[in-house]
Each structure stands twice: as C-alpha cells, then as structure tokens.
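Try each task on your own before reading the worked solution.

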Amino acid sequence: GPFEETDEHQRRSRHRKNHDIITETFKRVSRQNSVTPLAKLLVDFMDDSRSDLSFINISALLMNYAKLRKNKTVGSPHYRGGGNEFLPAIGPKTARFLADQIQKMPTEDVNEWALGNTLYGIQAVVAHSPEIRRLTEALVPKIWGCEEQMKPSSISNALFGLRFLNDCSAADRAMEALTVQIEDCPSAFSGHALGICMLSLRHRPDTVVSRRCIRALAQRVPECASFSPIDISKSVVGVRGKGKAPASHYLVSELAERLPHVKEPFPSQAIAWILYSLKDLEDTTAAEDFLRNFSECVRDNFKDNTAEDFTKKSISLSFAGLRTFSCKSSCEILSYLLPKLDEKETYTYYDVSSIVTAVRSADRSTKRILPKLINPHLQRINKEIDLKLVLKLLPILVSGATNSHSIQLSHIIASRISALHKELRSENVKNIIRVVAGVPSEEATLQEAPLRALAAVVNRLTSYDTMECINEL
C-alpha cells in the first residue's frame with residue numbers, strides 16, 4: 001500500500017543520508033588529520049536506538065576504516081599485532097554493534113560489491129578478538145545467500161580481509177563459500193585479482209579448504225589475459241607452506257606456462273619471494289617446470305642490464321629457496337645470483353649456510369667462484385661456524401682450484417676443525433677425510449691445512465676407525 005511505499009522510501013533516504021555522512025566524515029579525517037569526527041560518528045550511530053544502517057553503509061564504514069588504517073599506519077598494521085598511532089583498530093563495542101546490524105539484515109539487501117568491501121574491512125577490527133569472529137560469523141550466511149555472483153575484484157577483496165584469521169572456524173566457512181564463488185564466477189579473472197587471492201592464502205594453514213581454494217584459482221589461470229611479475233610473485237607466495245598439496249603443484253604448473261609471456265623484468269624482491277616460496281615443492285615436476293622458464297626470465301633481466309641491485313634480504317631469501325633444489329635450472333639461476341653477493345654486506349650464519357647449501361648442487365665452474373665471494377663473510381662469522389657448516393664447506397673446497405681464495409677457504413675450514421676438535425666424533429673425522437681425499441691430485445695443496453687440523457683428534461680413534469681413515473687416504 002501507499003504507507004508501505006512511503007516507509008521504504010524513507011528507509012532508503014536514511015541509508016543514502018548515512019552513506020553521505022560516512023563518506024564526508026572520512027574525507028574530514030584525512031583532511032584534518034584527526035580521528036575526532038570519526039569517533040563522534042561511531043558514537044552517534046551506536047547511541048541512537050533508531051540507527052538503521054544498510055549493508056552498503058556498513059561496507060563503506062569498514063572499507064574506509066581499513067584503508068585509512070593502512071595508509072596512516074606507523075609501523076606494522078594493528079591487525080598483525082603492531083600499533084597504529086593515528087587510528088586504533090575498531091573496538092569490541094563497535095564491532096558488536098556492526099555484527100548485530102548485519103545479522104538482522106535480510107540477505108536480499110546484500111550486493112556482491114558491498115560484500116567484498118565488508119569482508120575486506122574486517123581487518124580493521126581488533127585482531128584475534130571474539131568480536132572479529134562474531135562479525136565474520138554474521139557475514140558467512142550473507143556470502144552463501146548473496147543473489148549476485150561475486151566478481152573477481154570482490155572475491156579478492158574478501159579473501160584479503162580474511163588472510164590472518166587462521167584460528168577462526170567462521171573464516172574457514174567464509175573461505176569455503178568464497179571458493180564456490182570462484183568456481184562459479186562467470187567473469188574472467190585478471191592476473192592482478194588472482195595474485196591478490198593467492199597472496200591472501202599465504203598465512204592460511206594447509207587444510208582441505210585451502211587446497212580446494214588453490215585448485216579453484218589454478219583452474220582460472222588460463223583465462224587471465226596477462227600477468228605482471230608482481231602478479232606471478234603474489235601467486236607463488238600463496239603456496240608457501242603448502243608444497244605437498246597437489247593443488248599447489250597444479251597452480252605452479254599453470255603459472256609456469258604463463259612465464260614466457262611476461263614481458264616486464266622481474267624486480268629483485270619478486271625473484272627472491274618466488275624462489276623462497278617454491279622451496280616447499282623441492283624437486284617436484286611442477287617446480288622444475290617453473291624454474292626452467294623462470295631461469296630464462298632471470299637471465300634476460302641480467303643480460304639486458306635491467307636487473308636492479310639485489311638487497312641483502314633479497315639475496316638471503318633467494319638462496320634460502322634455492323637450497324632445496326638440485327635441478328639444472330636452479331643451478332643456472334645460482335650462476336646469475338652469485339655475482340650479486342656484496343662483500344660490504346653483513347650476512348648472518350643462516351644466510352651463509354643457505355648460500356653454501358644452494359651451491360653444493362651446482363656445477364664445478366659455479367662452485368669454483370664461490371670461495372672468492374664467500375670468504376669475507378666466513379671471516380666475519382668465523383666463531384659461529386659449526387661442524388654442520390664445515391661439512392657443507394668441504395665439497396666446495398674439493399671442487400676448487402689451487403688459488404689464493406681456495407687456499408684461504410682451506411685455512412678457514414682448518415681453523416674451525418681445530419676449534420671444534422672436542423666435538424668431532426670418529427664418524428665426523430672419517431667423513432671429513434673421505435671428502436678431503438676427493439681433492440684432485442693436481443689440487444693437493446688444498447688438502448694440507450684440513451688434514452693437519454685433523455691430526456689433533458686422530459689419537460682418539462679406535463684402530464678400526466684409524467684403518468678406515470688410512471684406506472680413504
């Protein structure tokens with residue numbers, strides 16, 4: 001009747017007015033660099049018993065709040081446990097109010113665009129709180145019941161908002177609903193949207209829900225018009241920690257086919273994160289296929305002198321990732337990265353160990369250039385070099401040529417054997433002799449220092465172990 005039409009008209013009018021007020025308030029906050037107008041707005045909404053917020057109103061409020069926190073953050077975002085000196089996270093009282101408002105809304109009032117923005121905005125709520133779980137719980141039925149099919153941009157926003165909710169069953173149910181949206185989405189995904197979706201899965205545990213979502217996204221890779229280096233990087237980062245999942249292998253294989261079509265150079269940070277994120281796949285067929293094409297991308301970057309300087313962090317991540325591979329393509333990438341080691345940088349024990357481990361599977365020519373590059377860093381961490389690293393360094397020595405750098409490496413190894421002689425067991429001594437004995441006769445000079453250092457522990461060997469050592473020699 002006419003009265004019902006008038007009520008609906010007034011309701012929509014209030015919603016439009018609320019939307020204008022919310023938009024203007026966030027503009028004032030940014031303009032004045034003060035949160036006072038926003039605090040007053042939230043108090044007014046909660047104190048007014050007649051508050052009637054639409055789903056679009058709540059979407060605008062949460063989305064703008066999350067964006068403002070991201071842009072104004074000092075240090076780490078509060079959502080990840082850090083602080084925000086400009087804008088605190090949404091507190092329990094406001095979160096409960098918003099959850100109650102969402103719960104009483106009819107599902108038909110929800111549109112796909114606002115749904116994606118609302119889920120993106122929940123990262124503005126205090127992390128790991130009962131309120132963020134309650135808010136997520138209220139949104140799950142809205143995802144299942146949304147009459148509009150969510151577009152790729154809305155799905156990526158939604159997954160991004162859920163990315164740190166690892167201990168929340170409601171987030172798992174929301175992700176399950178979003179996976180169905182990915183599978184049924186009639187629109188083609190862009191490389192950017194797919195990259196954001198996969199990046200959002202980075203902190204998700206390796207569960208059935210995560211694997212199904214990765215498989216759904218892998219099936220959308222062929223329809224993506226193009227991928228930028230950053231899109232590829234974000235997509236690969238999502239499989240980190242899920243390397244044993246067949247869905248991860250499927251996704252990496254699909255991305256491998258797109259690599260030859262990426263025309264832009266890969267930034268050093270993108271190269272580092274790709275190599276580090278692939279380490280869980282180890283020497284699988286999917287990883288080898290990806291590295292085969294990726295090595296060409298890395299080579300072209302260096303050949304055209306378009307590769308930017310690698311930072312210490314990028315170098316460390318790259319070698320930490322490469323240490324799990326032994327295929328030809330990984331060795332090629334190693335040969336491109338080794339010259340990027342900066343003598344002036346201070347690498348930690350873990351960094352040096354990763355570099356040495358990665359090079360162990362390289363060819364002889366690559367191993368021969370390592371002493372010159374690694375010796376300055378070994379000298380800095382000399383007292384931290386343990387038996388484990390000594391045993392990793394020995395194969396590098398065996399592959400070396402008789403030059404000042406290899407001889408210097410042999411003396412570094414010898415000095416640590418002498419310092420660690422009390423820790424050496426008969427099996428360690430036999431292993432060291434076995435490796436050192438493999439030095440070619442023309443490079444015999446490299447054997448001298450390590451063998452002299454071992455002389456101090458020979459008297460602790462049994463006659464049987466002594467005979468085995470003699471046989472090795």
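## Exercise 1: A glutamine in a loop

Gln123 sits in the loop that runs between α5 (112–121) and α6 (130–145). Keep in mind that this is a predicted model.

**Task.** Decide whether Gln123 is buried or exposed, and find which backbone oxygen its side chain reaches.

**Solution.** 
- Step 1: The relative accessibility of Gln123 is 12%. Buried means under 20%, so Gln123 counts as buried.
- Step 2: Follow the side chain of Gln123 to the backbone oxygen of Tyr120, which it reaches at 2.8 Å.

## Exercise 2: The largest nonpolar core

**Task.** Find which residues of the largest nonpolar core touch the most other members, then list what Phe294 touches.

**Solution.** 
- Step 1: The largest nonpolar core has 147 residues, and those touching the most other members are Phe189, Ile232, Phe266, Phe290 and Phe294.
- Step 2: Helix α3 (residues 55–72) provides the largest share of this core, 9 residues.
- Step 3: Select Phe294 and set aside residues up to four places away in sequence; Phe294 then touches Leu259, Phe266, Ile271, Ile274, Leu275 and Ile333.
- Step 4: As background, nonpolar side chains tend to be buried together in soluble globular proteins.

## Exercise 3: Leu278 and Tyr336

**Task.** Find where Leu278 lies, and which residues Tyr336 is in contact with.

**Solution.** 
- Step 1: Leu278 belongs to the loop between α13 (268–277) and α14 (285–303). With a relative accessible area of 0%, Leu278 is buried.
- Step 2: Leaving out residues up to four places away in sequence, Leu278 touches Val236, Val252, Phe290, Leu291 and Phe325.
- Step 3: Take Phe325 from that list: Leu278 and Phe325 are 47 residues apart in sequence, and their C-alpha atoms are 9.5 Å apart in space.
- Step 4: Move to Tyr336, in helix α16. Apart from neighbours within four places in sequence, Tyr336 is in contact with Ser295, Val298, Arg299 and Phe302.
- Step 5: Tyr336 and Asn301 are separated by 35 residues in sequence and by 9.8 Å in space, C-alpha to C-alpha.

## Exercise 4: Salt bridges

**Task.** How many salt bridges does the structure hold, and which parts does the pair Arg204 and Asp172 tie together?

**Solution.** 
- Step 1: The count is 16 salt bridges.
- Step 2: In the bridge between Arg204 and Asp172, the closest N and O atoms are 2.3 Å apart. Arg204 is in the loop between α9 (191–200) and α10 (208–218) and Asp172 is in helix α8 (residues 169–184), so the pair ties together parts 32 residues apart in sequence.
- Step 3: Compare accessibility: Arg204 is buried at 5%, while Asp172 is partly exposed at 26%.
- Step 4: Glu223 and Arg220 also form a salt bridge, at 2.8 Å from N to O. Here Glu223 is partly exposed at 31% and Arg220 is buried at 8%.
- Step 5: Lys430 and Glu468 meet in a salt bridge at 2.9 Å, N to O. Lys430 is in helix α21 (residues 426–436) and Glu468 in helix α23 (residues 463–472), so parts 38 residues apart in sequence are tied together.
- Step 6: Salt bridges with shared partners join Glu427, Lys430, Asp465 and Glu468 into one network.

## Exercise 5: The second largest pocket

**Task.** Find which helix gives the most to the lining of the second largest pocket.

**Solution.** 
- Step 1: The second largest pocket holds about 370 Å³ of space.
- Step 2: Its lining has 17 residues, with Arg11, His15, Ser54, Phe55 and Asp109 nearest the centre.
- Step 3: α1 (2–32) and α3 each supply at least two lining residues, and α1 gives the most, with 6 residues.

Methods. Residues numbered from 1 in each chain as written. Predicted model: local features only at pLDDT ≥ 70, side-chain atom pairs only at ≥ 80, totals over all residues. Heavy atoms only, no water. Helix = DSSP H or I, 4+ residues; strand = E, 2+ residues; numbered from the N terminus. Buried < 20%, exposed > 50% of the residue type's maximum accessible area, 1.4 Å probe, protein only. Polar contact = N/O pair within 3.5 Å; in protein donor to acceptor, adjacent residues only side chain to side chain. Core = buried A, V, L, I, M, F, W, Y, C linked by side-chain atoms within 4.5 Å. Contact = heavy atoms within 4.5 Å. Salt bridge = Lys/Arg side-chain N within 4 Å of Asp/Glu carboxyl O. 1 Å grid on protein atoms, 1.4 Å probe; cavity = no way out; pocket = protein on both sides within 12 Å on 5 of 7 lines; lining within 4 Å. Points joined across faces, edges and corners; volume = space filled by probe spheres on them.
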